[in-house]
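Subject: Structure handover

Hello,

Here is the structure you were expecting. My notes on what was found in it follow below.

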Amino acid sequence: GEQLAAFRTQDGQAYVVDAYCPHLGANLAAGGRVMGNCIECPFHGWQFQGEDGKCISIPYAEKVPDFARVRTWLSCEVNGMLLVWYHCEGVSPTWAVPEQREITTKEWVFRGQTEHLVDAHIQEIPENAADMAHLAFLHGPAILGGSDLRYTRSKLWDFMKHIWKAEWQPEPEPNKHCSQLLVQHTATIFGKHISLMDLMVSARQVGPGLVFLVFEHAFLGRGIILQTVTPLEPLLQNVVHKIYYQKNMPAIIPKFILRAECIQFERDITIWNNKQHLPKPLLVREDSSIQKHRRWYAQFYSEKSTRLLAQEGLDW
């Protein structure tokens, strides 16, 4: 529900501020420009410092009022991303996003990204990590079958299967805002194990909307997919996957991995876009990690967190 403007000043520093100029409400991100270390409003030329949002120049005014400023947002640049800290009660950051050393040192290079809009609550997306049973059922059929759930189980592609072994765990203090999913992927063709498809994936969730998916393959090398989930509206998420991979590997390898991941992710999207959130789901013993995940994720809400009231009946 916020409109933000992000800009890089001439000294190279990136800043995020409220998009609307406090003067007459023009959008700084639509036609505004960087002037030194300020962003200039496209309507009347007011200039605001990125660092503290203070207005330092009004072209037609003798004096700039002390209280003239635009709200600034705490942000950091890490792993090639500009990340903003949000807390509905204004609490300062309680944890930092770790650097992925191979991205910083450029051992791994950017090889592409995908972007999806998901019509679901933000919590639905990470909860998948703790839902082991859906891996075999939804993600078992071959990626050759695509992402349309009407055809993924087509007899045509039945000769190939994906096999997943996974384990999800929250991390202890001081990283209680993190969790780990370890996944072992193998594939069979006509029932025979194909070692070329063996893949180890470690998915580390950092906070409510950022995941580090590190891939390791016996001879196709190592890389990472960074997943970000940004809530645009109460039930609309923007999900971006960016892949970085060893630069000595042909680009076709990470592009294939990203494509395969994209097909599997789009199967999940069909479920998310059409499912209902059940606060008290009917679970069996083998589903125990789902409740464990819900308890872990609850730390990202606070008293003033916006809550959606469940619609009951047809009186809307």
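Four strands make up an open sheet in the order 3-4-5-6, with antiparallel pairing. Its edges are strand 3 (33-35) and strand 6 (55-57), each of which pairs on one side only. From one strand to the next the twist averages 40°. Strand 3 is joined to strand 4 (residues 38-40) by 3 bridges, and the two run antiparallel. Within that pair, R33 stands opposite E40 in strand 4. Please keep in mind that this is a predicted model.

Strand 12 (178-189) has several partners. With strand 11 it pairs in the antiparallel sense over 11 bridges, and K165 stands opposite Q184 in strand 12. With strand 14 the pairing is also antiparallel, over 8 bridges; there H185 has L199 in strand 14 as its bridge partner. Strand 13 (residues 192-193) is joined to strand 12 by 2 bridges, again antiparallel, with I189 opposite K192 in strand 13. Strand 12 and strand 13 form a hairpin with 2 residues between them.

Next, the helices. Helix 3 and helix 4 pack with their axes 11 Å apart, at an angle of about 110°. The two helices are therefore roughly perpendicular to each other. At the contact, H134, L138 and H139 in helix 3 meet Q264, R267, D268 and I271 in helix 4.

Which residues of helix 5 (residues 288-297) are buried? They are S289, I290, H293, R294, W296 and Y297. Seen down the axis of helix 5, these buried residues fall within an arc of 160°, so they line one face of the helix. As a general point, an α-helix has 3.6 residues a turn, so residues three or four places apart point the same way. The face of helix 5 turned away from its buried side carries the exposed residues S288 and R295. The cover over the buried residues of helix 5 includes helix 2 (124-127), helix 3 (132-139), strand 11 (160-170), strand 12 and strand 14 (199-206).

Leaving aside residues up to four places away in sequence, L213 touches V201, S202, A203, G223, I224, I225 and E261.

Is L83 buried or exposed? L83 is buried, because its relative accessible area is 17% and the cut-off for buried is under 20%. Not counting residues up to four places away in sequence, L83 touches L74, S75, C76, V78, V97 and L210. Between L83 and E99 there are 12 Å in space, C-alpha to C-alpha, and the two are 16 residues apart in sequence.

Regards

Terms used. Residues are numbered from 1 along each chain as its sequence is written. This is a predicted model: local features need pLDDT of at least 70, side-chain atom pairs count only at pLDDT 80 or more; totals for chains, interfaces and linings use all residues. Side-chain values use heavy atoms; hydrogens and water are left out. Buried means under 20% relative accessible area, exposed over 50%, partly exposed in between (1.4 Å probe, protein chains only). The arc is that of the directions from the helix axis to the C-beta atoms. Contact means heavy atoms within 4.5 Å. Two strands pair if DSSP finds at least two bridges between them. Axes are lines fitted to C-alpha atoms, for helices over the stretch in contact, and angles run from 0 to 180 degrees between N-to-C directions. Angles under 35 degrees count as roughly parallel, over 145 as roughly antiparallel, 65 to 115 as roughly perpendicular and the rest as oblique.
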